[in-house]
Amino acid sequence: MNIPLEDFDLRDTMQSGTYIVDPTDMDRLAADGVAARLHIARVDLAQCRDKACLLKRLSGALGFDPDRGSNWDALQSQLHDLGWLDGDGYVVLLDHSDEIQGAAEDDLDDALDIFDEAGEFWRSRKVPFWTFMAMSTTRISVA
C-alpha cells in the first residue's frame, strides 16, 4: 500500500503504524513530528549488521535503561513504557536501514513486528506511535 507523504497526519492515531520510506523523507518526517508535538527518536543504523547492534542503537536513541535488558522482550516492554518521554506521541525514525536488512533481515523483521505491536498498544490508548524505516529502494508503504 502506498501513501503519499503529504497525506500523513502524524497526530492521527488511525494512520499511525510502521512504514518504509525513502531516506530523503526522514528530515521532513522529523520536522512534521516536532510540529505535531511528538517525541522524535532518530536511530542511525549505518554499519549495523546484527541483533545486538540493532538493540544497542534502539536503546541509545530511545534513552532506555541499559540495565533493563537487551533482548526482544525487553524492547517490547520498554516500548510500552514511554510515558516519561516528552511529547503527545512518538515517532521512531530508522535511518540507514538498507545495510541491516541485507545482513540481518530476520532480526530487522522481528524488530518491526515489535514496533507494529507497540503501535497497536499505543493506538488503543489513542496515542500516535509511528515507525519509519528509511530504505533507498521504495517510496512509502506499509512494512
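Biologist: What percentage of the residues of the protein count as buried?
Modeller: Of its 143 residues, 48% are buried, with buried meaning under 20% relative accessible area, exposed over 50% and partly exposed in between (1.4 Å probe, protein chains only). One caution: this is a predicted model, where local features need pLDDT of at least 70, side-chain atom pairs count only at pLDDT 80 or more, and totals for chains, interfaces and linings use all residues. Residues are numbered from 1 along each chain as its sequence is written, and side-chain values use heavy atoms, leaving out hydrogens and water.

Biologist: How many helices and strands does the protein have?
Modeller: Five helices and five strands, in the order β-α-β-α-α-β-α-α-β-β from the N terminus. Those are DSSP runs, numbered from the N terminus: helices are H or I with at least four residues, strands E with at least two.

Biologist: OK, the inside. Which residues touch the most other members of the largest nonpolar core?
Modeller: Leu54, Leu75, Leu79, Leu82, Leu94 and Phe129, out of 32 residues in that core. A nonpolar core here is a set of buried Ala, Val, Leu, Ile, Met, Phe, Trp, Tyr and Cys residues joined through side-chain atoms within 4.5 Å.

Biologist: And which element gives the largest share of this core?
Modeller: α5, with eight residues. There's also a second, separate core of 14 residues, Leu10, Leu29, Ala30 and Leu93 among them.

Biologist: What does leucine 94 touch?
Modeller: Its partners include Met26, Val43, Leu58, Leu112 and Phe132, leaving aside residues up to four places away in sequence. Contact means heavy atoms within 4.5 Å.

Biologist: Back to α5. How do α2 and α5 cross?
Modeller: The axes of α2 (residues 51-62) and α5 (residues 105-123) come within 9 Å and cross at roughly 35 degrees. Axes are lines fitted to C-alpha atoms, for helices over the stretch in contact, and angles run from 0 to 180 degrees between N-to-C directions.

Biologist: Which residues make the contact?
Modeller: Lys51, Leu54 and Leu58 from α2 meet Asp107, Leu108, Ala111 and Phe115 from α5.

Biologist: New topic: the loops. What is phi of arginine 37 near?
Modeller: Near 65 degrees, which is positive in a residue other than glycine. Arginine 37 sits in the loop between α1 (26-35) and β2.

Biologist: Is arginine 37 buried or exposed, and why?
Modeller: Exposed, because its relative accessibility is 57%. Glutamine 47, in the loop between β2 and α2, has a positive phi near 60 degrees and counts as exposed at 59% relative accessibility.
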